[in-house]
Amino acid sequence: RCEWACYDTMNACYDITQEFQDELHRPMFPYKYKMKFAGCPNDCVASIARSDCSVIGTWKDDIQIDAKAVAEYAKNGVDVQSEICDRCPTRCMKWDGKTLEIDNANCVRCMHCINVMPKALKPGKERGATILIGAKAPIVGGALLSSVMVPFLEMNEPYDDLKELTNAIWELWSEHGKARERVGEFIQRVGLGNFLQEIGLDPIPEMVAHPRTNPYIFFDAEVEE
């Protein structure tokens, strides 16, 4: 229903819930598994802090700009430089007093500029969702925020890619997870590299939370035939 939604959250939630009735309501896992669906990076449902699987709407192409509307905002008192450009986390926006330019390659989809000038800026047209895994509240261990597993996924029915990823995670976690161990804690215990290898995902830069602090690098032994 939200004008910024990058996919149909209500339909996706309903479809996934119907597909996984037994798994969600009568879980046979080591512990509970929550899924939340947010239409855009504003994440109004706080999925990134509360759910084992966060499906957060995003876009791949450039932010849509209405130059006349931007000028109207500036005319009506919005300080585009200080309120938008200076608060952009990657400083990917430039304002010369007349024209707003966006370096979309460095945009992190924080939604700040769109929230300030909703009539002038809109998410891009190539829309989908980012899949994040591993959030939880403090129970056995401390609280965790979810981490990116799939940077962009097209969210079209019947959502086969999301269902396939979910089944792969459940199969691994069910077999090797400890009692009352959430998926995020399981990933911390076995290591992200091992987790990705078992569920069939290749590691990508978007999965990196921060630069490595361990100077030692271990390579898998290659089997020569």
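In the predicted model, helix H7 (residues 160-176) packs against helix H9 (residues 192-199) with an angle of about 120 degrees and an axis separation of 9 Å. At that angle H7 is oblique to H9, because the class of roughly perpendicular ends at 115 degrees and that of roughly antiparallel applies over 145. The crossing of H7 past H9 is right-handed. On the H7 side the contact is formed by Leu165, Ala168, Ile169 and Leu172, and on the H9 side by Phe195, Glu198 and Ile199. By residue class, this contact of H7 with H9 comprises six nonpolar residues, one charged residue and no polar ones. Glu198 of H9 is among the contact residues and belongs to the charged class.

Strand E2 (residues 53-59) is largely enclosed by the rest of the structure, since seven of its seven residues are buried. In a regular strand, side chains alternate between the two faces of the sheet. In E2, Cys53, Val55, Gly57 and Trp59 point one way, whereas Ser54, Ile56 and Thr58 point the other way, and all are buried. Burial here refers to a relative accessible area under 20%.

E2 is paired with strand E1 and with strand E7. Strand E1 (residues 35-38) runs parallel to E2 and is joined to E2 by four bridges; within this pairing, Ala38 has Ile56 of E2 as its bridge partner. Strand E7 (residues 127-133) runs antiparallel to E2, and seven bridges connect the two. Cys53 is bridged to Ile133 of E7 in this second pairing.

The peptide bond from Glu157 to Pro158 is cis, its omega being near 5 degrees. Pro158 is located in the loop that links strand E8 (147-153) to H7, the helix that packs against H9.

Arg91 sits in the loop between helix H5 (80-83) and strand E4 (93-95). Its relative accessibility is 54%, so Arg91 counts as exposed, the cut-off for that class being over 50%. The loop between H7 and helix H8 (183-190) contains Arg180. With a relative accessibility of 42%, Arg180 counts as partly exposed.

Methods:
Residues are numbered from 1 along each chain as its sequence is written. This is a predicted model: local features need pLDDT of at least 70, side-chain atom pairs count only at pLDDT 80 or more; totals for chains, interfaces and linings use all residues. Side-chain values use heavy atoms; hydrogens and water are left out. Axes are lines fitted to C-alpha atoms, for helices over the stretch in contact, and angles run from 0 to 180 degrees between N-to-C directions. Angles under 35 degrees count as roughly parallel, over 145 as roughly antiparallel, 65 to 115 as roughly perpendicular and the rest as oblique. A crossing is left-handed if the near helix is turned anticlockwise from the far one by less than a right angle, and right-handed if clockwise. Contact means heavy atoms within 4.5 Å. Buried means under 20% relative accessible area, exposed over 50%, partly exposed in between (1.4 Å probe, protein chains only). Two strands pair if DSSP finds at least two bridges between them.
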